[in-house]
Amino acid sequence: MKETHIDDYHFFREATLRICGSLHVQDALDAFRVYAETCIPMDEIRIAFFDERSSSGIILADSSPGEPSHFTRSARFTQSELQRYRKALLRDGTTLIINDFDHADEIYRIAHARHKTDVSARSKLRLNLTREGHALGVVTLFSNKKHTYTQQHARLLELLHDPFAMAMSNWRQHLTLTHYQKILKDDCQFYREALEKRAGKDVIGAETGLKGVMAMVGKVAGTNSPVMILGETGVGKEVVANAIHNASERRNGPFIKVNCGAIPESLIDSELFGHEKGAFTGATQSHRGRFERASGGTLFLDEVGELPPQVQVRLLRVLQHRTLERVGGTEPIPVDVRIISATHRDLTSMVEEGLFRQDLWFRLDVFPINIPPLRDRTMDIPDLVHHFVGDKCRELKRHTPWKIPEEAMERLKHYPWPGNVRELQNVVERELILNSDETLTFDRFLPRSAPHALETSSQTVVEPLDTVVTRAIEAALKAARGKVQGKGGAAALLKINANTLRARMQKLGIRFGRHGGDNAPR
Ligand SMILES: Nc1ncnc2c1ncn2[C@@H]1O[C@H](COP(=O)(O)OP(=O)(O)OP(=O)(O)O)[C@@H](O)[C@H]1O
């Protein structure tokens, strides 16, 4: 290329605009090459840096006018190669011209070969990027002809040291952030799917006992109206709230649940609305509340009747203004959530007694949905039982086939289920743990002899699940003389996997070993 006079200022300005013009290193490099090749010849240009942690040379971007060349983006170096490379960089200064690559320092030829590159470079011009004495990386121009580069080219490239160094830091930070953003998005998707699986997307009884409820769900899901779900404890209020969210346009946003009765009064403000750093003793970090976390999705206020009066006031204000302020904050934060509330309490009488604000109730109770108790939709019981047995068998890794006699199912249908679906779910779990036969009779919980007594005896028959499970495990351990695993062991007697049994023993605090003295299950 015939050397022509190039105005330094003009070159610096135009080149810098392109180098710093994009956070995407590839776009910036392509734009720079298209402009700069009118002043400095190049068949290819690369930007690379050294990653100290992995002792690897990493090519960030590569640009050429024709077909992109092939190379390995990341190449590892040994410690001694690294030292030789650093020494050579120090020796060679900011720019280096190699006009006959065959005679270049061996370490440069090693680096070139290590990237398994198909660039047939004959000459190269390199700019060594440093900041405050630290090596940031290199910009390398390649030419397929020998003796391409002159001191004038090197001088021009050197003018661009600072813009390239600054852009290099930004590109690397941008790449790191994009990398973490991808990981977070992926994790978020994974946990959302796991949560959906746990919550169970299926609404059993949607075509039978809950048909009317699901028709209401279908009508209201597409709107943004607040929904109030009413029903006894354990009827499936959360299941229905989930169904509304999943059928709405917000389905790809978060579904955040707040159990208003389970959060201590002193924490509920911060849990719902978040707080700023230093808002109170112990607030060492700022914290997003559940309202903010639910942004773009649905906020499910379970047991809304339990909200303390002062929180009712603040909730009303957020719903009216559609903005919130974190505890200790002054900036209003816009709120974009759909509210679904639920309660098993009689909110109308709570309003009459002054225990629940009427204005808040009007705002929340725009579209009420009443879920009937299980005793009023006994036709759903067989499907629910089969659904829960299938689920629990998978969880307990119980592969034996099972059947439920017609007569046992009739008894299940006639029980009044004061704890509704949750109670039925617990009874199924207990039956599967205690009954290792193929036939599930439910005799322990619903005795055949006195079906009429069931309705009154529920208080004495139903015990906390953990108590029953503990008793069963202890009985099995006793029969197996402390042996957990293997033939005749407690796991075999209970027909569950030994690891599952150990996990349960640990959770329930059951002592291990033949004499209960060992501290690890065998
Ligand atoms: N129709 C249904 N289909 C499948 N599972 C259900 C159904 N209804 C309830 N369940 C299951 O029963 C259990 C209790 O349901 P859920 O938590 O939705 O009840 P709830 O009315 O919100 O209870 P609470 O009043 O205690 O908050 C859950 O494990 C849920 O998965």
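User: Let's settle terms first: two strands pair if DSSP finds at least two bridges between them. With that in mind, which strands form a hairpin with two residues between them?

Analyst: That's strand 5 and strand 6. This is a predicted model, by the way. In the turn of the hairpin, E132 has a positive phi of about 45 degrees.

User: Nice. How many bridges join strand 5 and strand 6, and in which sense?

Analyst: Nine bridges, and the pairing is antiparallel. Strand 5 covers residues 123-131 and strand 6 covers residues 134-143. If you want a spot to look at, N128 has V138 in strand 6 as its bridge partner.

User: Is strand 5 mostly covered or mostly open?

Analyst: Mostly covered, with seven of its nine residues buried.

User: Okay, zoom out. In what order do the strands of that sheet run?

Analyst: The order is 3-2-1-6-5-4, six strands in an open antiparallel sheet. Strand 3 (74-76) and strand 4 sit at the edges, each pairing on one side only. From one strand to the next, the twist averages 20 degrees.

User: Where does E52 sit? And is E52 buried or exposed?

Analyst: E52 is in the loop between strand 1 (44-51) and strand 2 (56-63). It counts as exposed because its C-beta has 9 C-beta neighbours inside 10 Å, and the cut-off for exposed is 12 or fewer. Along the chain, E52 is 30 residues from L82, with their C-alpha atoms separated by 9.4 Å.

User: Let me compare with L160. Buried or exposed?

Analyst: L160 is buried, because 20 other C-beta atoms lie within 10 Å and 20 or more is what buried requires. L160 lies in the loop between helix 5 (151-159) and helix 6 (161-199).

User: Which residues does L160 contact, beyond its neighbours within four places in sequence?

Analyst: A15 and I19. There's also L129, 31 residues away in sequence, with a C-alpha to C-alpha distance of 9.8 Å from L160.

User: Switching topic: what about the ligand? How many residues surround it?

Analyst: There are 19, and the closest are I204, G236, K237, E238 and V421. By type, the shell has six nonpolar, eight polar and five charged residues.

User: Which domains supply at least three residues each of that shell?

Analyst: Domain 2 (200-372) and domain 3 (376-508). On the helix side, helix 8 (237-247) and helix 16 (420-434) each give at least two residues to the shell.

User: Why is helix 8 described as largely enclosed?

Analyst: Because eight of its eleven residues are buried. Among them are K237, V240, N242 and H245. K237 is also one of the closest residues to the ligand.

User: What stands opposite M228 in strand 13?

Analyst: P368 does. Strand 7, residues 227-230, and strand 13 share four bridges in the parallel sense.

User: Last one: how many helices and strands in the chain?

Analyst: It has 20 helices and 13 strands. Of its 522 residues, 28% count as buried. Among contacts with a separation of 6 or more, 68% are between residues 24 or more positions apart.

Terms used
Residues numbered from 1 in each chain as written. Predicted model: local features only at pLDDT ≥ 70, side-chain atom pairs only at ≥ 80, totals over all residues. Near = placed C-beta within 6 Å. Nonpolar A, V, L, I, M, F, W, Y, C, P; charged D, E, K, R; others polar. Domains from an automatic or database assignment. Contact = placed C-beta atoms within 7 Å. Axes fitted to C-alpha atoms, helices over the stretch in contact; angles between N-to-C directions.
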